[in-house]
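Hello,

Here is the structure you asked for, with notes on the sheet and the helices below. Please read them with the coordinates open.

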Amino acid sequence: MRAIMHLTKLCTIWGSLLTTLVLTRDIVLPPILEIQLDGHQASMGARSADFSPDQTYAGLTTYANLPWLHCLSTDSSITPFDIAFLGAPFDTGTTGRPGARFGPTGIRLGSRRIHAGGSWSPYTHENSFQSWARIVDCGDAPLTFLDNTAALKQLGQAHKTVSNRQTNATELASVPRIITLGGDHLTTLAALRSTYNHWGAVSVIHFDSHIDTWDPKLLGGGISHYAGVNHGTFLHIAHEEGLILNASAHAGIRAPAVNKKYDWKNDKRCGFEIVTARDIDKIGVAGIIDKLKARVGSNKVYISVDIDVLDPAHAPATGTAEVGGWTTRELLSILDGLEGLKVIGADVVEVAPVYDNAGETTTLAAAEVAHSLMTLMVQTPVKALIDE
Ligand SMILES: [Mn+2]
């Protein structure tokens, strides 16, 4: 009892002390006179504002506030870099809702709180922006929206130009690696054609709710050869062109095939093993990671993330949404679990911001997916064929 009385007395003293403190705090209105713009002691009058490039919400919107570089310029002496973000504003290869041409802009907006100065991971305690790699945003490739064949050629040319640049950390990497911000999934075909030149045929880890190996004669209606080249057939075409190894995998599959047997058989023939969306209920995140790693082994890997691998609850803004998918946390955990793979190229595609909500659910997710892909590249530098 005595102790309780003592405690009550103490609380009363503390209470009045706090009240005094609050009442006597010196508040200057308007509160601008003593603003410290450089984080030290300067006042506004001292004109010492911090205009360093690593400021969020300032300057032009690049991916994660990275420096923009005119990678597609004809100037051969531009700043060397090791990893580049490249937008592919293209959506005329889609069979569903269009709008992914605005994906690169959407993903950049979704990334505006990510920045090099404050990206220390709570999981690894690393910051992949502060590493051996110089990372830049090359802006978007100029692509026609009127001719898919021409657009693919333009995108291929852009990839070639960017990947033929000088690297900065020459002892670790001789070819700059590209993370494409899509764009519908057909854009991945141009990326794979380009990576082949530097890395040869690669394993593909394809995060998607759809297999995307559909036979162009079937998906495209057989109307024309041109119609068969679309975002649901590009992996079939990549296989035909010899760009991918028979050691590739889909992850997150749940969309139905359009026939009983042929699609699955054809998918296998194209080099893919399937991890379904519901496999996660049986083997968990760790089991999925193990399966994917076992499938690609020590091969060089291209990772393509169709944002529709996520459930529409986590990524509504996409062209061909399928319910019953993974959560954002599950996808990020799986991606981060692929640490150690030799990732030579990557993309996040099928982001169509017009279908997003006010909370930017999809573009925030896509931005973080791109961050994870970038981190995989930083964790494992890879030598190009020519250096092996
Ligand atoms: Mn896809």
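Sheet and helix packing

In this predicted model, helix 3 (residues 148-163) lies across strand 1 (83-88), strand 2 and strand 3 (177-182). The direction of helix 3 is at about 165 degrees to that of strand 1.

These strands belong to an open sheet of eight strands, paired in parallel and ordered 2-1-3-8-7-4-5-6. Strand 2 (135-140) and strand 6 (272-276) form the edges; each has a single partner strand, so one side of each has no neighbour in the sheet. On average, and ignoring direction, neighbouring strands are turned by 15 degrees against each other.

Within the sheet, three bridges join strand 4 (residues 203-207) to strand 5 (residues 248-253) in the parallel sense. Phenylalanine 207 has alanine 251 of strand 5 as its bridge partner. Helix 7 (residues 279-296) also packs on the sheet, where it touches strand 4, strand 5, strand 6 and strand 7 (300-306). Between helix 7 and strand 6 the directions make about 160 degrees.

One helix pair is also worth a look. Helix 8 (residues 328-336) packs against helix 9 (residues 361-379) at an angle of about 10 degrees, and their axes are 9 Å apart. Angles under 35 degrees count as roughly parallel, so helix 8 is roughly parallel to helix 9. From helix 8, Thr328, Leu331, Leu332, Leu335 and Asp336 take part, meeting Ala365, Glu368, Val369, Ser372 and Leu373 of helix 9. By class, this contact has six nonpolar, two polar and two charged residues.

Regards

Key
Residues numbered from 1 in each chain as written. Predicted model: local features only at pLDDT ≥ 70, side-chain atom pairs only at ≥ 80, totals over all residues. Pairing = 2+ DSSP bridges. Helix = DSSP H or I, 4+ residues; strand = E, 2+ residues; numbered from the N terminus. Axes fitted to C-alpha atoms, helices over the stretch in contact; angles between N-to-C directions. Contact = placed C-beta atoms within 7 Å. Parallel < 35°, antiparallel > 145°, perpendicular 65-115°, else oblique. Nonpolar A, V, L, I, M, F, W, Y, C, P; charged D, E, K, R; others polar.
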